[in-house]
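Here is a short briefing on a protein model. Look at the sequence and the structure first, then read the points below.

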Amino acid sequence: MTPKSPFLSDRVPVCPSDLLAKAKSRPTPRVAIVNAGAALPMLAARQATRAGIMTPVFVGDPVAIQIEAAALNWNISSFDIVQAADETTAANAAAALCGAGNADVLMKGQLHTDVFLKGALARDSGLRTGKRLVHIFHITHPDGGQPILISDAAVNVAPNLETRQDATRAVVDLLHKLGTKT
């Protein structure tokens, strides 16, 4: 038997109420879920849809998507399903939906991260902005308090000075959007 890691918690993750309130105060985005036919992305989509913070656009194998929705007893007939045969096709199709303005947010479902990012960063996806891609973790302690934001622990893992400056700007911009003034 493997001993429990001191770095893992049995606590159930909970979305901070202030973040949920901010999300609810904004227009509901259309979220293109790449390779949506798996348990975790489908559960996340159902929870976010029920919370009123997402309108899902399912991208992937329609049969797998329907099976996962049925497993949750969730009727998804009012939502769009875009057929894609494999994870590469799904990543490209979902990114193109966002690039064309037919979805507002690109969400990673059940697929490899490199495939997801390749689809998002493809020249023809329409998502390139001229800014550097920066990854930001938003971490909140379960007992409350100020969040911790960590940039580039996954995308720019060995940043040069210019990349660090871009990442810092992105974190500050996000903090401002979340209500932190200084």
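A contact, or touch, means heavy atoms within 4.5 Å. With that cut-off, Thr163 touches Arg132 and Asn156, not counting residues up to four places away in sequence. This is a predicted model: local features need pLDDT of at least 70, side-chain atom pairs count only at pLDDT 80 or more, and totals for chains, interfaces and linings use all residues. Residues are numbered from 1 along each chain as its sequence is written, and side-chain values use heavy atoms, with hydrogens and water left out.

**Terms for the fold**

- Helices (H or I, at least four residues) and strands (E, at least two) are DSSP runs, numbered from the N terminus.
- Buried means under 20% relative accessible area, exposed means over 50%, and partly exposed lies in between (1.4 Å probe, protein chains only).

**The sheet**

- Strands of a sheet pair through backbone hydrogen bonds, either parallel or antiparallel.
- Two strands pair if DSSP finds at least two bridges between them.
- Here, four strands form an open sheet in the order β3-β2-β1-β4, with parallel pairing.
- Its edge strands are β3 (80-83) and β4 (105-108), and each pairs on one side only.
- From one strand to the next, the twist averages 25°.
- Axes are lines fitted to C-alpha atoms, for helices over the stretch in contact, and angles run from 0 to 180 degrees between N-to-C directions.
- Strand β1 (residues 30-34) and strand β2 (residues 55-60) are parallel partners over five bridges.
- Helix α5 (residues 113-121) packs on the sheet and touches β1 and β4. The direction of α5 makes about 160° with that of β4.
- Strand β2 is mostly covered, with five of its six residues buried.

**Salt bridges**

- A salt bridge is a side-chain nitrogen of Lys or Arg within 4 Å of a carboxyl oxygen of Asp or Glu.
- The structure holds four of them.
- One joins the side chains of Asp104 and Arg30, at 2.9 Å from N to O. This pair links distant parts of the chain: Asp104 is in the loop between α4 (87-99) and β4, Arg30 is in strand β1, and they are 74 residues apart.
- Asp104 is partly exposed at 45% relative accessibility. Arg30 is partly exposed too, at 31%.
- Another joins Arg132 and Asp166, also at 2.9 Å from N to O. Arg132 sits in the loop between α5 and β5 (136-139), Asp166 sits in helix α6, and the two are 34 residues apart.
- Arg132 has 33% relative accessibility, so it counts as partly exposed. Asp166, at 22%, is partly exposed as well.
- Asp166 also meets Arg169 in a salt bridge of 2.9 Å, N to O. About one helical turn separates Asp166 and Arg169, because they are three residues apart in helix α6.
- Arg169 is partly exposed, with a relative accessible area of 49%.
- Salt bridges link Arg132, Glu162, Asp166 and Arg169 in a network.

**Buried residues**

- Thr163 lies in helix α6. Its relative accessible area is 5%, so Thr163 is buried.
- Asp152 lies in the loop between β6 (148-151) and α6 (161-177).
- For charge, Lys and Arg count as positive and Asp and Glu as negative, while His and the chain ends are not counted.
- Asp152 is buried yet has no salt bridge. The nearest side chain of opposite charge, Arg132, is 7.4 Å away.
- Asp152 touches Leu133, Val134, His135, Val157 and Ala167, leaving out residues up to four places away in sequence.
- Arg46 belongs to helix α2 (residues 39-50). Arg46 counts as buried because its relative accessibility is 17%.
- Arg46 touches Leu72 and Trp74, again not counting residues up to four places away in sequence.
- C-alpha to C-alpha, Arg46 and Lys108 are 15 Å apart in space, and 62 residues separate them in sequence.

**Cysteines**

- A disulfide is a covalent bond between the sulfur atoms of two cysteines.
- The search counts a pair of cysteine sulfur atoms within 2.5 Å. Across the whole structure, this search finds zero disulfides.
- Cys15 is partly exposed, with a relative accessible area of 45%. Cys98 is buried, at 12%.
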